[in-house]
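User: Hey, I'm new to this one. Can you walk me through it?

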Amino acid sequence: MLCAVLPDRSTVRHRGRISLRGQGDLMLSGALIAGAAFVAGVLNTAGGGGAILSFVVLTTTGVAPLTAHATNQLVTPLSFLAAARAARGTRPRVALLVAGCVGTVAGVGILATTSPAAFQAVAPWVLLPAAVLVAVQGWAKRRLPARRRDRHPLATAAAMLTCGVYAGLIGVGTGTLVLVVLGMGAAGGALNRLLPVRNVLCLGMAVVVAAAFAFTGLADWALAALLAVPAVLGGLVGTRLVGRLPDPALRAGVVLTAIAGAVWLLLR
């Protein structure tokens, strides 16, 4: 399966992608991708920004940016399965869930009409704002408990719709955006009450995004199969590590990965 997923040297040299030689290199690259999927699953549930790592690894192993993004989005719900189980009994407002899911369909629709060349051109500039979102995540979490009153549910639903569009188009950093919307709007409250709601909303949007991408033809199914099991295992581990890992170190690692990935995409 790795041979079908990963490009060989003869097919990628003229495109300026990183090339791999020999079956041993293919196996090593496959292991690297699977490892990145596992770590991304841990980050998605324990902190955030896992999609940045997996996207960067996929593109550096020769996967086209648009294919890497679509396949990432297809697999992302798997990393949230364990988090959803941990959050069972949590019921976000239906209006917020519907708004987020409708927005994701719109975002995927816009992306489906985007050419691979155009997406490759903007990919570095997608990683940089995503890095900013991850960087401010800690600040957002500290600010949320101070906002407890319900306010403007219609405006909150509209903001969640925007989050959904962002999730369909970009995806990376959606969890932070949703957390900010919940804290500033109708679902405001203590952080330990917001995080389970955030995870359920993100899972709902991720499932819709995955289903939408499944019909676009943009995702690589063989690559998704390689990512699936490590993503599930990483998500399971991540739910057990929530609150145990140092947030500053996690965020710094993700931000540095995003910046390095953006620089590499600009120079490739």
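User: What's the closest cysteine sulfur to the one in Cys202, and how far off is it?
Analyst: That's the sulfur of Cys163, 8.5 Å away, so the two are too far apart for a bond. A disulfide here is a pair of cysteine sulfur atoms within 2.5 Å.

User: How many disulfides does that rule give?
Analyst: The count is zero. Keep in mind that this is a predicted model, where local features need pLDDT of at least 70 and side-chain atom pairs count only at pLDDT 80 or more, while totals for chains, interfaces and linings use all residues. Residues are numbered from 1 along each chain as its sequence is written, and side-chain values use heavy atoms, with hydrogens and water left out.

User: Is Cys202 buried or exposed?
Analyst: Cys202 is buried, with a relative accessible area of 7%. Buried means under 20% relative accessible area, exposed means over 50%, and partly exposed is in between (1.4 Å probe, protein chains only). Cys101 is buried too, at 16%.

User: Switching topic: how many helices and strands are there?
Analyst: The chain has 14 helices and zero strands. Those are DSSP runs numbered from the N terminus: helices are H or I with at least four residues, strands are E with at least two.

User: What is the span of H10, end to end?
Analyst: The end C-alpha atoms of H10 (residues 153–169) are 24 Å apart, which agrees with the 24 Å its 17 residues should span. The expected span is 1.5 Å times one less than the number of residues. Just after H10, Gly171 takes a positive phi of about 90°.

User: Which residues in H10 are buried?
Analyst: Thr156, Ala157, Met160, Cys163, Gly164, Tyr166, Ala167 and Gly168.

User: And what about H7, how far does that reach?
Analyst: H7 has 19 residues and runs 27 Å from its first C-alpha to its last, close to the expected 27 Å. Its buried residues include Leu96, Cys101, Val108 and Leu111.

User: How many residues are in the largest nonpolar core?
Analyst: There are 37, and those with the most contacts inside it are Ile33, Phe55, Leu58, Leu127, Phe213, Leu223 and Leu227. A nonpolar core is a set of buried Ala, Val, Leu, Ile, Met, Phe, Trp, Tyr and Cys residues joined through side-chain atoms within 4.5 Å.

User: Which element gives the most to it?
Analyst: H4 does, with six residues. There's also a second, separate core of 14 residues, and Phe80, Ala99, Val197 and Cys202 are among them.

User: Back to Phe213, what is it in contact with?
Analyst: Leaving aside neighbours within four places in sequence, Phe213 is in contact with His69, Ala70, Gln73, Val108, Leu111, Gly168 and Leu218. Contact means heavy atoms within 4.5 Å.

User: What does the side chain of Thr76 reach?
Analyst: The backbone oxygen of Asn72, at 2.7 Å. Thr76 is found in helix H5 and is buried, with a relative accessible area of 15%.

User: Where is Val255 found?
Analyst: In helix H14. Val255 is buried at 17%, and its C-alpha atom is separated by 8.6 Å from that of Ile52, 203 residues apart along the chain.

User: Last one: what share of the chain is buried?
Analyst: Buried residues make up 51% of the 268 residues.

Key
Polar contact = N/O pair within 3.5 Å; in protein donor to acceptor, adjacent residues only side chain to side chain.
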